[in-house]
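Me: Hi! I have a protein model open and I'd like to walk through it with you. Could you help me read it?

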Amino acid sequence: MRRDYNLSLITLGTIVLGTDYLLNFIPGLSSFFSLNRFVFLAVFAADVLFFSGKYLRSTKIYLACVLIFIGCLPFLIFKGGGLREDVLTLITELLGVFAYLLFFYFNCVDSKTAGRISTVLFLTSGLIAVYVMGSQLGLVGSKMLRWRGHFQYTSASGIFDPNVITLYFLPVFAFGPLIRFRWKTISGKMMNLFVVLYISFCFAAFFQLNSRSGSLAVASCLVASLTLRYLIIPPEERGGRWNALLFIAVVIGALVYAHMQYNILGPILGVYRWTYLDTDTSFVTRVAAYDYLRKDLFSSPNLFGESYQEYWRVAGWKGFWPHCTFVDVYIKGGLLFLVTYFFLYIGSITKSFREIFTTREIALKSCFAGFFCLLVGFMPLVITLSLEGKKLPWAIIGCVFGLAAASRDKSAGEK
């Protein structure tokens with residue numbers, strides 16, 4: 001395919017994607033100014049203006065956006081029946097999601113751009129780790145005191161929700177173990193040492209949040225990434241596989257050492273120990289949300305979204321939000337949004353997994369593997385939190401479908 005893109009624009013757009021939360025460090029500023037709304041909008045407009053041809057390459061991705069918007073129209077018109085945001089804010093959030101999906105779908109067309117996106121997200125995730133460690137040390141933000149049963153613990157999330165900012169940690173663990181296959185200019189030993197130290201620092205920072213769903217997300221993401229680092233190497237390259245096993249052992253050893261020295265896993269293990277599912281309010285609300293979704297889908301499913309008032313009436317939990325992305329998606333856009341979201345999310349997971357083992361180029365394999373690991377790590381967050389408006393997962397979904405389509409067209413051209 002003709003390379004009708006600008007790598008500098010893609011890099012800038014990815015930086016915005018990975019650092020939009022930084023404006024929340026300045027109280028009051030984020031409500032007025034957002035990198036997503038201003039800088040990324042300018043990047044997206046410039047890309048459409050100077051490289052408009054590529055945006056006519058496919059219509060399927062536009063169909064997904066149209067279905068979502070149509071499904072959400074009743075919800076947008078009636079303000080969600082209890083939401084504080086105005087209609088313009090809700091529409092802007094939805095259009096922002098579409099912009100990220102389209103931008104990365106049409107720009108992530110080869111291993112070079114996919115590698116650049118992965119690398120930028122890998123590096124920008126370290127900024128949130130620095131912030132969390134600063135909160136833990138009392139340099140920025142503040143630690144929040146929490147209770148679980150009779151167990152007292154702190155969360156060094158500063159002004160952020162500890163569960164939500166887990167999303168910004170995932171690129172470290174998804175792309176880190178696989179990044180060596182794309183950074184050819186740095187020696188293997190130096191690269192591996194940097195990645196191990198970087199992962200260890202972010203690992204120690206993340207567990208200052210003491211997030212239950214977040215710990216599951218990070219664990220699944222890191223395990224998948226370490227496993228795929230070994231599997232994507234061809235079986236005949238025994239030296240490469242031995243190096244991959246050595247890297248895995250060093251990473252595990254570094255994390256165990258960090259725990260032995262600083263007990264970073266101690267508080268989160270205590271949180272799990274004092275969590276009783278039959279009395280845990282947060283767990284009960286999530287069960288009620290999925291029970292509502294199950295009953296509504298099998299009794300009288302809504303084609304379009306309705307309101308939270310109806311959800312509260314049926315679920316019997318007045319004022320409680322679902323804390324489940326699939327349930328939120330159904331409330332806001334009905335079956336149209338739910339089916340489309342399920343197709344995009346699950347489809348991107350299966351498509352990236354298939355491409356890992358069918359693609360010959362090792363750099364391209366590592367890109368698909370990194371996207372797959374991030375989406376797998378996102379799963380515990382999807383089923384326990386409401387994150388349908390966060391831009392990072394939509395961008396990764398766009399990357400997977402765009403890269404797979406470009407790879408397929410390239411293979412067809414070669415044949």
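Predicted model: local features only at pLDDT ≥ 70, side-chain atom pairs only at ≥ 80, totals over all residues.

Me: Thanks! Back to H4 and H14: at what angle do they pack?
Reply: Helix H4 (residues 60-77) packs with H14 at an angle of about 160°, and their axes are 6 Å apart. That makes H4 roughly antiparallel to H14. Angles under 35 degrees count as roughly parallel, over 145 as roughly antiparallel, 65 to 115 as roughly perpendicular and the rest as oblique. The axes are lines fitted to C-alpha atoms, for helices over the stretch in contact, and angles run from 0 to 180 degrees between N-to-C directions.

Me: And is the crossing left-handed or right-handed?
Reply: H4 and H14 make a left-handed crossing. The term left-handed is used if the near helix is turned anticlockwise from the far one by less than a right angle, and right-handed if clockwise.

Me: I saw Lys332 in that list. Which residue does Lys332 form a salt bridge with?
Reply: Its partner is Glu388, with the closest N and O atoms 2.4 Å apart. The pair links distant parts of the chain: Lys332 is in helix H14 (residues 325-358), while Glu388 is in the loop between helix H15 (362-382) and helix H16 (391-414), 56 residues apart. A salt bridge is a side-chain nitrogen of Lys or Arg within 4 Å of a carboxyl oxygen of Asp or Glu.

Me: Are Lys332 and Glu388 buried or exposed?
Reply: Lys332 and Glu388 are both buried. Buried means under 20% relative accessible area, exposed over 50%, and partly exposed in between (1.4 Å probe, protein chains only).

Me: How many salt bridges are there in the whole structure?
Reply: A search finds five salt bridges. One of them joins the side chains of Asp291 and Arg294 (2.5 Å, N to O). Lys295 also forms a salt bridge with Asp291, where the closest N and O atoms are 3.2 Å apart.

Me: How far apart are Asp291 and Arg294 in helix H12?
Reply: They are three residues apart in helix H12 (residues 281-299), so about one helical turn separates them. Lys295 and Asp291 are four residues apart in H12, which is also about one helical turn. As for cover, Asp291 is partly exposed at 26% relative accessibility, Arg294 is partly exposed at 44%, and Lys295 is partly exposed at 48%.

Me: New topic: where is Leu121 found?
Reply: Leu121 is in helix H6, and it is buried at 2% relative accessibility. Leaving out residues up to four places away in sequence, Leu121 touches Thr14, Leu17, Gly18, Pro171, Phe175, Leu392 and Ile396.

Me: What about Ala129, which helix is that in?
Reply: Ala129 lies in helix H6 (residues 111-136). Ala129 is buried, with a relative accessible area of 0%. Not counting residues up to four places away in sequence, Ala129 touches Phe169, Phe201, Cys202 and Ala205.

Me: Last one: how many helices and strands does the chain have?
Reply: The chain has 16 helices and two strands. Of its 415 residues, 54% are buried.

Technical notes
Residues numbered from 1 in each chain as written. Heavy atoms only, no water. Contact = heavy atoms within 4.5 Å.
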